[in-house]
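Please read the following report alongside the sequence and the three-dimensional model.

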Amino acid sequence: MHAVPALAAPDPNSPLTLTTVDRRELGPHDVLIRIEYAGICHSDIHTVRGDWGLKRYPLVPGHEIAGIVTSVGTAVKTRTVGDRVGVGCLVNSCRVCAACVGGQEQHCDNAVGTYGSLDRDGTITQGGYSRYIVVTEAFTVLIPETLGLDEAAPLLCAGITTFSPLRRWGAGPGQKVAVVGLGGLGHIAVKIARAMGSEVTVLSQSLKKQEDGLRVGADHYYATNDEATFAVLEGRFDLIINTVSAVIDLNAYLRLLSTRGAMICVGAPGEPLAVNVFSLLGGSKILAGSAIGGIPETQEMLDFCAQHNIGAEVEVISADKVNEAYERVLASDVRYRFVIDAATIG
Ligand code: NAP
Ligand code: ZN
């Protein structure tokens, strides 16, 4: 065991504080990663604050991890010291079920989340707001050389969570895609949807971020606090990706879909969202969800992002700013992902 510096939530209501966390000795298939950057995902905040139910505390969040391999176990074959690697929301799974064999490890019944999850050795996992992490090589991905580690870190969750449904639901040339919410996930969704060749519209609460939305690749930008938006855009979109962390009126957005269009929810508020079934019947519309993505698809996403020069727009912060950053994310005041410089932890 090695104690390494980390930022932990002591309970759901207190600020994160500096502490240490134990990392296991390297097993034969493990790699030790020196974390360089850790993104702050809104899911970290939902989890810490108990929006999705209580976890065990102290809890070290962080599932957007980018770093360098500094040591490898005796049987490691695919990674070497010095590799630039990423770790996302998963650190293990059973490897033999249909989901795992199909590269959909996020749907494995025994998937191990990067933090707050029961690990295969009986301990509770602790995440990436930390200096080092030990992960089995199969749950690391390679970060292409052309991507900076800071701008790559958020791709490990925000990137794959938006890439996966855009791919699955056919974003591409001739498709009109709307992205609801221009936050961490939203701004990357815009970049990826644009790179896939679709016509992209941002639906944000206000016009405050219009310039940024267009700069990162949107063709159009509308404010949802303007009632006219919902009239003007009725029937417009083939695909809507909802990244909003709070409850929204799904029925209003479903009216913006074209016939047989699909609205995919990736935003995950703790409270239920009400759907009038008639919002789906007329036009035979689809309402679906999507959870992160599997390991092979995460590598595919990183390679796609490198090829299209897509990184997150990041505000790099030091460890002492993490609680302030949480408040700014909650106030929709993030442009567009806070990333912790892990060297400042400790
Ligand atoms: P974020 O950076 O806070 O972005 C969320 C955006 O939603 C905000 O920037 C804001 O955009 C909009 N928004 C917030 N409150 C709103 C409200 N009351 N009404 C309307 N719009 C509102 O969060 P994120 O890190 O992108 O995460 C977004 C959500 O996705 C979270 O719920 C997170 O847990 C979830 N998530 C899910 C998965 C998955 O696998 N499905 C993976 C990662 C994250 P505007 O200011 O532009 O309106
Ligand atoms: Zn996340």
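## Basis of the model

This is a predicted model, in which local features need pLDDT of at least 70 and side-chain atom pairs count only at pLDDT 80 or more, while totals for chains, interfaces and linings use all residues. Residues are numbered from 1 along each chain as its sequence is written, chains are lettered from A and ligands numbered from 1 in the order in which they are written, and side-chain values use heavy atoms, with hydrogens and water left out.

## Annotated domain

An unreviewed UniProt entry carries the annotation "domain: Enoyl reductase (ER)" for residues 11-340; UniProt positions are given in the numbering used here, feature names are shortened, and annotations may be inferred rather than shown by experiment. The span of residues 11-340 is 25% helix and 25% strand, and its end C-alpha atoms lie 21 Å apart. Helices (H or I, at least four residues) and strands (E, at least two) are DSSP runs, numbered from the N terminus.

## Zinc site

The zinc ion (ligand 2) is coordinated by Cys-41 through SG, His-63 through NE2 and Cys-157 through SG, at 2.0 to 2.2 Å. Donors are N, O and S atoms within 2.8 Å of the metal (3.2 Å for Na, K and Ca), and water is not among the atoms, so sites may look incomplete. Along the chain, the donors of this zinc ion follow the spacing C-x21-H-x93-C.

His-63, in the loop between α1 (42-48) and β4 (65-72), and Cys-157, in the loop between α3 (149-152) and α4, are 94 residues apart, and the pair links distant parts of the chain. His-63 is buried at a relative accessible area of 7%, and Cys-157 is buried at 4%, where buried means under 20% relative accessible area, exposed over 50% and partly exposed in between (1.4 Å probe, protein chains only).

## Contact of α4 with α10

The axes of helix α4 (residues 158-168) and helix α10 (residues 295-307) come within 10 Å and cross at roughly 95 degrees, which makes α4 roughly perpendicular to α10. Axes are lines fitted to C-alpha atoms, for helices over the stretch in contact, with angles running from 0 to 180 degrees between N-to-C directions; angles under 35 degrees count as roughly parallel, over 145 as roughly antiparallel, 65 to 115 as roughly perpendicular and the rest as oblique.

On the α4 side, Gly-159, Ile-160, Phe-163, Ser-164 and Arg-167 meet Glu-297, Thr-298, Glu-300, Met-301 and Phe-304 of α10, contact meaning heavy atoms within 4.5 Å.

## Two buried residues

Val-85, in strand β5 (residues 84-87), is buried with a relative accessible area of 1%. Apart from neighbours within four places in sequence, its contacts include Ile-33, Ile-65, Val-69, Val-141 and Leu-142. The C-alpha atoms of Val-85 and Glu-137, 52 residues apart along the chain, are separated by 9.8 Å.

Ser-117, in the loop between β7 (112-113) and β8 (132-136), is buried at 15% relative accessible area. With neighbours within four places in sequence left aside, Ser-117 is in contact with Ala-111, Val-112, Thr-123, Ile-124 and Thr-125.

## Backbone features

The peptide bond from Tyr-57 to Pro-58 is cis, with omega near -5 degrees, and Pro-58 lies in the loop between α1 and β4. Another cis peptide bond joins Arg-335 and Tyr-336, with omega about -10 degrees.

Asn-309 is not a glycine, yet has a positive phi of about 60 degrees, and this residue counts as exposed at 68% relative accessibility.
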